[in-house]
Amino acid sequence: MKKKYSYILPTLIALAVAIGIFIGGKLHFNDTPEKLFSTNSKKDKLNRLIDYIDYEYVDDINTDSIVDVTVNNILGKLDPHSVYIPKSEMEEVSENMKGDFVGIGVSFYMYKDTITVIRTIKNGPSYIRGIKPGDRILMADSDTLFGRRIPNSTVVSTLKGKEGSKVDLKIFRKSENRMIDVTVTRDRVPIKSVDAYYMLTRDMGYIKINRFAESTFGEFKDALKKLKLRGAEKLVLDLRDNPGGYLGIAEKLADEFLEDDKLILYTKNKKGRIKKAFATKKGDFEDKPVYVLINERSASASEIIAGALQDNDVGTIIGRRSFGKGLVQREMDLGDGSAVRLTVSRYYTPTGRSIQKSYKKGHRDYYQTFMERYSSGELISVDSIKVADSLKFKTPKGKIVYGGGGIIPDVFVPIGSNEEEAIESMDDTYEFFSRFIFEHLEKDRNRYAEFTKNQFLDEYGVDDILFDEFIQFMLNRKIKIDFYAQEDKIKAYLKANIAEQLFSPNISAQIKGEHDTMLEKVKELDAAIFKQSEIGVLDLEN
């Protein structure tokens, strides 16, 4: 008997250890014994339903798609910013927020039925191997890349790959009428979040940021350093249309303008736990004039920076009321390659205001606020912005600021006319200008071969022939506006798109900036401040 039990006892101990390891893997530090050994009926119900459909339902059903719908429906009952990211979208989302991807470093159009290079990324893999704008990529290894039915996603996935891997490309160079075989080594290619930077005036720099990714702060610091070397003592930070991104990156960027120990923001979760973020000694642009540009599509991290500077009486916020997102999300892995971004806290500006707009009427209503703002007149007149006295706050120097529904700028700039906004949409959203210029360059790239960047900027002008060709291009696409009433702006945008495809986004932004009402307002304000300072000096001397 003793011998029999001597075999059983180790078996029981091993079983107990195995059970202990399993339960330990499920433990959280906050779990109680009661919680640990109870079942969760809500989770069990969902799991059982999926199992019943998998094993008992009369037809074969893709339960993965059912789970996706279920997750989206659950999140749809929460706030508008708690979202599900399917496995199929995770790679693109991750690359966008990381700020780079592994590929060959070209931007392209599918022109007629062939991949045609718009431009190569400077110092990227294709640039190094001598690939040029206008080159047709016909094959990648043994894969054919021309044909009307090849989707962009297939092209992109073919040209991407592991870092350091090689791809053999067969290229037709139209300008030389010959085929070229070239091997490109895939490498990390940046997805720029700093769209452009240049000197706006003799002593004022300009930086445009499109989102707050992992790479954004490094890009910003590099741009700021170069502008300071060119004499920038003032800065325009353009956050228009910037939907946000990482909270920590926004904190770092705000720190550049705030003195040590100034509060940047604080967050509060549902347990009431408060976390504060303060400026450090690392700022490179403290005590210098800064103008922050925002509009109705500036959200989240953009609003954090605008709110931090405004509440600390630093710089000048210019534009229109921002979007109004005061919620913080955390990305959580769901174990199958998908993830959820779940709202975990609210953030508050240094004066204690929340700028989150209401979402009580549902998600659809939440995102239609732009139309409401337009119809109410607040995009045209600052007096039409509705504010509540209960949400009134005061900065250290006594300036009145408001919470609820976005950051109201210090200096208001109305939205442009319908036709002016249409031109910008044709450029940014629909890329009509870019496509037209691409096709224009395809006819004869050599006509621009003699231009340097500076010569193009100073000497080139869009003639009436090109302008009329663009009008016909748009009419063929059923787009009708009074083109001649907007001739100067259209010609500027045509020139800007040529500059971007031939040279760089910086030259393009500089050309567009000459027809930008917010930048005109910045120059006007800065000139007025300079004049006042001169008067002040004279008064002191007298």
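Tutor: Strands here are DSSP runs of E with at least two residues, helices are runs of H or I with at least four, and both are numbered from the N terminus. Two strands pair if DSSP finds at least two bridges between them. Within this pair, Leu293 stands opposite Ile318 in strand 16.

Some notes on the source: this is a predicted model, in which local features need pLDDT of at least 70 and side-chain atom pairs count only at pLDDT 80 or more, while totals for chains, interfaces and linings use all residues. Residues are numbered from 1 along each chain as its sequence is written, and side-chain values use heavy atoms, with hydrogens and water left out.

Strands of a sheet pair through backbone hydrogen bonds, either parallel or antiparallel.

Next, strand 12. Five bridges join strand 11 to strand 12, and the two run parallel. Lys208 has Asp238 of strand 12 as its bridge partner. Five of the five residues of strand 12 are buried, where buried means under 20% relative accessible area, exposed over 50% and partly exposed in between, with a 1.4 Å probe and protein chains only. In a regular strand the side chains alternate between the two faces of the sheet. In strand 12, Lys234, Val236 and Asp238 point one way and Leu235 and Leu237 the other way, and all are buried.

Leaving out residues up to four places away in sequence, Leu237 touches Ile207, Ile209, Phe220, Leu253, Phe257, Tyr291, Val292, Leu293 and Ile305; a contact means heavy atoms within 4.5 Å. The largest nonpolar core has 40 residues, of which Ile207, Phe220, Leu237, Phe257 and Ile305 touch the most other members. Such a core is a set of buried Ala, Val, Leu, Ile, Met, Phe, Trp, Tyr and Cys residues joined through side-chain atoms within 4.5 Å. Two or more residues come from each of strand 10, strand 11 (204–209), helix 8 (216–229), strand 12 (234–238), helix 9 (247–255), strand 13 (263–268), strand 15 and helix 10 (301–311). Helix 10 gives the most, with six residues.

Helix 10 also holds Ser302. Its relative accessibility is 0%, so Ser302 counts as buried. Apart from neighbours within four places in sequence, Ser302 is in contact with Phe212, Leu239, Asn242 and Gly244.

As for the chain as a whole, it has 19 helices and 21 strands. Buried residues make up 43% of its 542 residues. Among contacts between residues at least 6 apart in sequence, 68% join residues at least 24 apart. The C-alpha atoms fill a box of roughly 105 × 75 × 45 Å, taken along the principal axes.
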